[in-house]
Amino acid sequence: MRTYLVTGGAGFIGSNYIHYMFKKYDNEIRIINVDALTYAGNLENLRDVEKRDNYTFIRADICDKEAIGKIFAENDIDRVVHFAAESHVDRSIREPEVFVKTNVLGTAVMLNCAKAAWEKPNGSFQEGKKFLHVSTDEVYGSLENEGEYFYETTPYAPHSPYSASKASSDMLVRAYMDTYKFPANITNCSNNYGPFQFPEKLIPLIINNALQGKKLPVYGDGKNVRDWLYVEDHAKAIDMVQEQGRLFETYNIGGHNEKQNIEIINIIIETLQEMLADDDPRKALVNKDLITYVEDRKGHDRRYAIAPDKIKAEIGWEPETMFKEGIRRTIAWFFEHEEWMKNVTSGSYQEYYNKMYNV
Ligand code: NAD
Ligand code: DAU
């Protein structure tokens, strides 16, 4: 039975990954989820799995080398899947230091603890141990021209404190692979959407605001392009890279689904109107007049677009969920989880939201 150490498993992608893995492997694997439970970490995301005998939650900060070292000492970890990070670009522009701490120092601690646990006296590593570092397409910077794509060989050119910190963490993983032959992979993925996404990110924020008849903030001219991938497809890709990918390689993961922000917002409004019953009072609130152009994000990257050619050619992964279907599933999930949304939009999230949008 393989034992997984998942960091950041109480966040958006981490919790979807844990659900995916239990659905796929059931009792064949054991998962230890380590999460500091920052504002973005929510144990409600894992209610369905928390009673499983093969699941353990440990609250710890990945920068705490004693706590992380203890987990490795007490458990024979076979796989690390490292999600834990500060993940929101706008927050990084306001408060860069915590991004450097968690994303760079935290990754160094994870690498060092895994290396200490897995390294043999002769400097080689125990057979079969693997570390997967979950990263982002934002490390490649911004594409200006149609027809250009990010490849694994595209030079790094991060612009925001968030992407700079993720780029630094990727470089550390590369350094461990090059220097020690540390058994790792890096994945660089495009924008995810789906269940459990914190409503500071575009898609859940728009769904949540529209249902309450609140303004829908569009940064700049609304024509920035992102490449959207349904989160379950990302979870599947991570597992396939870790089990079938070549060690020491980087794999780009993307949705083949480039859309301008304003298109996304229009699709969400139209889909909400289709899905809400005629007698639902929210139906009258949802309309395109809510769209409000606001000040642009500082240093706002214009376009991201992943070429997922390598992962398709080597591993056979490709995106499965069409955006039309994925957005309907996401909206249906939010309809069924009103309580979840109420809980995460109270307290500290609300304070942040008010500061960000001058409410
Ligand atoms: P998220 O913000 O929803 O979740 C991050 C999780 O990490 C939270 O549970 C949080 O409590 C935890 N965490 C934060 N700091 C920690 C610390 N110091 N110690 C332990 N746990 C800590 O993020 P997400 O959107 O799920 O992203 C997960 C990973 O995927 C990140 O590394 C991110 O860079 C990467 N990624 C995200 C996207 C996306 O579209 N969201 C796309 C590509 C890559
Ligand atoms: O590309 C992968 C990245 O995608 C991940 O690495 C990040 O962790 C994740 O947060 C995401 O970053 P983005 O900055 O692209 O996502 P966000 O949802 O914040 O914004 C998407 C686009 O929508 C972006 O161009 C900014 C714009 N936007 C966002 C918000 C929150 C708006 O126009 N209005 C908004 O209110």
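The model is a predicted one, in which local features need pLDDT of at least 70 and side-chain atom pairs count only at pLDDT 80 or more, while totals for chains, interfaces and linings use all residues. Residues are numbered from 1 along each chain as its sequence is written, chains are lettered from A and ligands numbered from 1 in the order in which they are written, and side-chain values use heavy atoms, with hydrogens and water left out.

Ile265 belongs to helix α8; helices (H or I, at least four residues) and strands (E, at least two) are DSSP runs, numbered from the N terminus. Leaving aside residues up to four places away in sequence, Ile265 touches Leu202, Ile206, Leu216, Val218 and Ile291, where contact means heavy atoms within 4.5 Å. Glu146, by comparison, is 119 residues from Ile265 in sequence and 21 Å from Ile265 in space, C-alpha to C-alpha.

Aromatic residues come next. A search of the whole structure finds 20 aromatic pairs, a pair being rings of Phe, Tyr or Trp (its six-membered ring) with centres within 6.5 Å, called stacked if the planes are under 30 degrees apart, edge-to-face if over 60 and tilted for the rest. The rings of Trp333 and Trp340 have centres 5.2 Å apart and planes at 75°, so this pair is edge-to-face. Both Trp333 and Trp340 are buried. Elsewhere, Phe72, Trp118, Phe125, Phe131, Tyr176, Tyr180 and Phe182 form one aromatic cluster. Two arginines lie over tyrosine faces: Arg174 over Tyr156, at 4.8 Å from the ring centre, and Arg303 over Tyr149, at 5.6 Å. For such an arrangement, NZ of Lys or CZ of Arg must be within 6 Å of the ring centre and within 35 degrees of the ring normal.

Ligand 1 is surrounded by 29 residues, the closest being Ile13, Asp35, Ser87, Tyr162 and Lys166 (a heavy atom within 4 Å is required). Among its polar contacts (pairs of N or O atoms within 3.5 Å), a side-chain N or O atom of Ser87 lies 2.7 Å from a ligand oxygen. A backbone N or O atom of Gly11 is 2.9 Å from an oxygen atom of ligand 1, and a polar backbone atom of Ile62 is 3.0 Å from a nitrogen atom of the ligand.

Finally, two residues other than glycine have positive phi values. Leu37, at about 55°, sits in the loop between β2 (29–35) and β3 (55–59). Phe196, near 70°, lies in the loop between β7 and α6 and is buried, with a relative accessible area of 12%.

Definitions and conventions: Buried < 20%, exposed > 50% of the residue type's maximum accessible area, 1.4 Å probe, protein only. Polar contact = N/O pair within 3.5 Å; in protein donor to acceptor, adjacent residues only side chain to side chain.
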